Amino acid sequence: MVRNRITIHPAHIQCQSMPRFTFRKAEHICLKSEIENLFSAGSTSMSAFPLRATYRKLTYAGQGLHVKVLLSVSKRHLHHAVDRNRAKRQIREAYRLQKHLLTEAIPADMAINVAFIWLADHPMSSKLVSARMNQILQRIRQNVVAEVEQTSISQTNVSATADTVTDSLSSLC
């Protein structure tokens with residue numbers, strides 16, 4: 001006797017600890033004002049050839065995503081549309097698979113806008129693009145973590161100073 005069996009494909013099971021490897025439209029920077037804000041003064045830039053990343057830390061407004069991304073491949077660097085499209089595909093794929101490095105490190109009150117800019121004058125291997133994307137994301141992560149630690153230390157020092165002043169005033173009275 002054969003019974004009906006219901007099988008669930010492993011891809012349909014979602015685990016809370018497993019990162020989601022997606023890159024949806026909501027994660028893209030599309031507004032002109034956001035792009036201008038990203039490239040204005042106050043943004044930080046770093047390079048790992050063939051990519052340059054420019055990012056800006058923002059306060060999280062409570063809506064939208066914590067990380068938004070812009071991809072740019074110039075016609076000046078890659079003259080053929082086929083090559084530009086391939087480079088953008090490589091950048092998207094490298095970011096999609098490694099974005100958890102950045103999203104896990106961002107505190108709840110911070111948002112980051114990142115622009116990835118292609119620097120090479122000829123196509124590169126996907127393996128190289130992925131390795132350089134990893135380097136860039138790790139460096140951005142280190143900068144964010146360092147800033148968060150520095151902010152928490154300075155807040156601790158301010159509260160300790162306030163306690164000292166309060167104790168001094170109370171001893172005078």
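**View 1. Strands β2 and β4 run antiparallel and are joined by nine bridges.** In this pairing, residues 51-59 form β2 and residues 110-118 form β4, where strands are DSSP runs (E, at least two residues) numbered from the N terminus. Leucine 58 has alanine 111 of β4 as its bridge partner. This is a predicted model, in which local features need pLDDT of at least 70, side-chain atom pairs count only at pLDDT 80 or more, and totals for chains, interfaces and linings use all residues. Residues are numbered from 1 along each chain as its sequence is written, and side-chain values use heavy atoms, with hydrogens and water left out.

**View 2. Four strands make an open sheet in the order β1-β2-β4-β3, with mixed pairing.** Two strands count as paired if DSSP finds at least two bridges between them. The edges are taken by β1 (44-48) and β3 (67-72), each of which has a single partner strand, so one side of each is left without a neighbour in the sheet.

**View 3. Helix α2 covers residues 81-98.** Helices are DSSP runs of H or I with at least four residues. The end C-alpha atoms of α2 are 26 Å apart, which agrees with the 26 Å that its 18 residues should span at 1.5 Å a residue, the expected span being 1.5 Å times one less than the number of residues. In α2, Arg84, Ala87, Gln90, Ile91, Ala94, Tyr95 and Gln98 are buried, meaning under 20% relative accessible area (1.4 Å probe, protein chains only). These residues cover an arc of only 125° around the axis, which puts them on the same side of α2; the arc is that of the directions from the helix axis to the C-beta atoms.

Note on methods: Buried means under 20% relative accessible area, exposed over 50%, partly exposed in between (1.4 Å probe, protein chains only).
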